[in-house]
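Trainee: I have a new structure open and would like to go through it with you. Can we start with the rings and then look at the helices?

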Amino acid sequence: MADPESIYQSCFDLRWHFNPAAATEAGVVGQNSRLGDFDAESMRAHMAAFRSMAFAVEALELNDIQAEIDRTALLNDLRSTIFRFEHEEPHVRNPSFWLSHLYQALFGLLDRQDASPDQLARDAMSRLRQLPSFLSAALETIRDPAPILLDTAHAMIPGGESLLGQVARFCRESAGADLGEIDTVVAEADAALARFSLALTADVAVSEDPHAFAIGEEQFNRRLHFEYALGGSAPELWRYGLHLIEEVEASLETIAREIDPGVGWRAQAERLRVESPVPHNLIEYYRAAMERARSFVRERDLVTVPEAPLDVITTPEFIRPLVPFAAYSPPGPFSADRTGRFYVTPQEAASGTSRRSVHELDSMALHVGFPGHHLHMLTLQSLASPVRRILWSPHTVEGWALYCEDMMGEEGFYPDPATRLFQQIHLLWRAVRVILDIGLHTRNMSPSAAILFLLEKIPMDRSDAVAEVRRYCGMPTYQLCYAVGRRDILALRDDFKSRAGSAFSLRTFHDELLSYGGLPVSLARWGMNLDQDR
């Protein structure tokens, strides 16, 4: 009989070989000197290997529900990977796929200190030496990208130039690096990135199909089923998104009347952003807000709180085109560095609707820190199951963080109506994402129409809206995960509470849910024996 543990380990070894940049972020140091191979011949070999692993996982004989849940999650992940690269072909259709992998591979060596500086410098040099051939393979592979995906890649080039400078400085500071060799290798890498940028303009033919970025309804639904274990389809979620928009807009008007009965919520949001902008010491404010949230969770005994630091730092320049506000980077499951990173994009030069208000920072801090992403990631990485330590679905992870914004409000965390107003604006933003995600990829919605819809519904600067829509076009199905995951966690809590009766406690529910890590909510429902209720 096949041993599940050895087969699972083989699956993860394949995962890290396929994506060495992700391996670096996870703390798997054995892949640190490589870049991925995504040319046509390599991809055929990769997909054959993933199919072989899927057959092996499917053939396992298991007689335990928890083991079956882990097998289902791993099998769905393998199938989703195969479907994604065979049907969506991001390595063929999206130039930013290659840049994202490259930047992730280089920055991961600087960001996660899982080896000695000398070894990391040698690994960085190895990756820099491969950069010219890696980008040459990209140009041979990329075919007919959509204009907006090409625009995204162009927007990422300056950040890459800055990143190469960071890598060069890191290598020069290492005692084990040869300065002359560094200068030569970095110069060749710089030249290769410049050639790649020029070739994107001069040599890569742009698709004549204005909707070439869209993956289509069949593949969209396939991802919903295998990646998020959702039973619904794009049309059903479209209706949910419209309903949620109406619900949140009504809530916003109610809160606005509490603040000033004669002023609508949009006008109030603008006024609050002018009268109460983010402080100049934004980093320090976020640190204090995260500590307030962590203390609140502990005092109310809402969930088990693991111990590990969370650094609040400025967003690296190379990812700012895709991260106009903030982003979270978790510690890797195998990393010696257990520190999470919360990247905050500077707002000093912001004006108009791109300003942030001090009243919206509390919900953002708890979303990222406690009890949101950082707590969630630390918890799942402490689990005994390797599947639950490594695999996670954005439907659960993003849904949990958005659910936490609601839950903390229910528990009285927000100090005033203005803070509740912005928390609801952020929920409206996530509701709008459901419509735009589905509209762009299944309903022939154009990027320009998506930008207009976003600006109509959310107080946001146009440049930020453009960056948002670029993400939506390049990351199909991800954006709906926030609101849909929140919905499914709330429904799960209702059923859990009905069964528990007077014995119900939020901590018991939250701890049991998080014992499934970031696996899809429907798999947690199955494990909790609540699947028959919905």
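This is a predicted model: local features need pLDDT of at least 70, side-chain atom pairs count only at pLDDT 80 or more; totals for chains, interfaces and linings use all residues.

Trainee: Where do Phe 296 and Phe 413 sit in the chain?

Mentor: Phe 296 is in helix α13 (residues 282-300) and Phe 413 is in the loop between α17 (394-410) and α18 (417-442), so the pair links distant parts of the chain, 117 residues apart. Helices (H or I, at least four residues) and strands (E, at least two) are DSSP runs, numbered from the N terminus.

Trainee: Is Phe 296 buried or exposed?

Mentor: Phe 296 is buried, because its relative accessibility is 10%. Buried means under 20% relative accessible area, exposed over 50%, and partly exposed in between (1.4 Å probe, protein chains only). Phe 413 counts as buried too, at 11%.

Trainee: What about Phe 496 and Phe 509?

Mentor: Phe 496 and Phe 509 form a tilted pair, 5.3 Å centre to centre with 55° between the planes. Phe 496 lies in helix α21 (residues 481-500) and Phe 509 in helix α22 (residues 506-514), so the pair ties together parts 13 residues apart in sequence. Phe 496 is buried at 6% relative accessible area, and Phe 509 is buried at 0%.

Trainee: Which residues form an aromatic cluster?

Mentor: Phe 18, Phe 38, Phe 50, Phe 85, Phe 97, Trp 98 and Phe 134 form one.

Trainee: Which ring does the charged end of Arg 222 sit over?

Mentor: The ring of Phe 83, 4.8 Å from its centre. The charged end of Arg 487 sits over the ring of Tyr 240, 4.9 Å from its centre. The rule asks for NZ of Lys or CZ of Arg within 6 Å of the ring centre and within 35 degrees of the ring normal.

Trainee: Switching topic, where does Ser 329 lie?

Mentor: Ser 329 lies in strand β2 (residues 326-329) and is buried at 14% relative accessibility. Leaving aside neighbours within four places in sequence, Ser 329 is in contact (heavy atoms within 4.5 Å) with Asp 111, Arg 112, Gly 340, Arg 341 and Tyr 343.

Trainee: Now helices. At what angle do α14 and α17 pack?

Mentor: Helix α14 (residues 361-368) and α17 pack at about 135°, with their axes 8 Å apart. Axes are lines fitted to C-alpha atoms, for helices over the stretch in contact, and angles run from 0 to 180 degrees between N-to-C directions. That makes α14 oblique to α17; angles under 35 degrees are roughly parallel, over 145 roughly antiparallel, 65 to 115 roughly perpendicular, and the rest oblique.

Trainee: Which residues of α14 meet α17?

Mentor: Ser 363, Leu 366 and His 367 in α14 do, and the residues they meet in α17 include Glu 398 and Met 408.

Trainee: How many residues of α15 are buried?

Mentor: Eight of the eight residues in helix α15 (residues 373-380) are buried, among them His 373 and Leu 380.

Methods:
Residues are numbered from 1 along each chain as its sequence is written. Side-chain values use heavy atoms; hydrogens and water are left out. Rings of Phe, Tyr and Trp (its six-membered ring) pair if their centres lie within 6.5 Å; planes under 30 degrees apart count as stacked, over 60 as edge-to-face and the rest as tilted.
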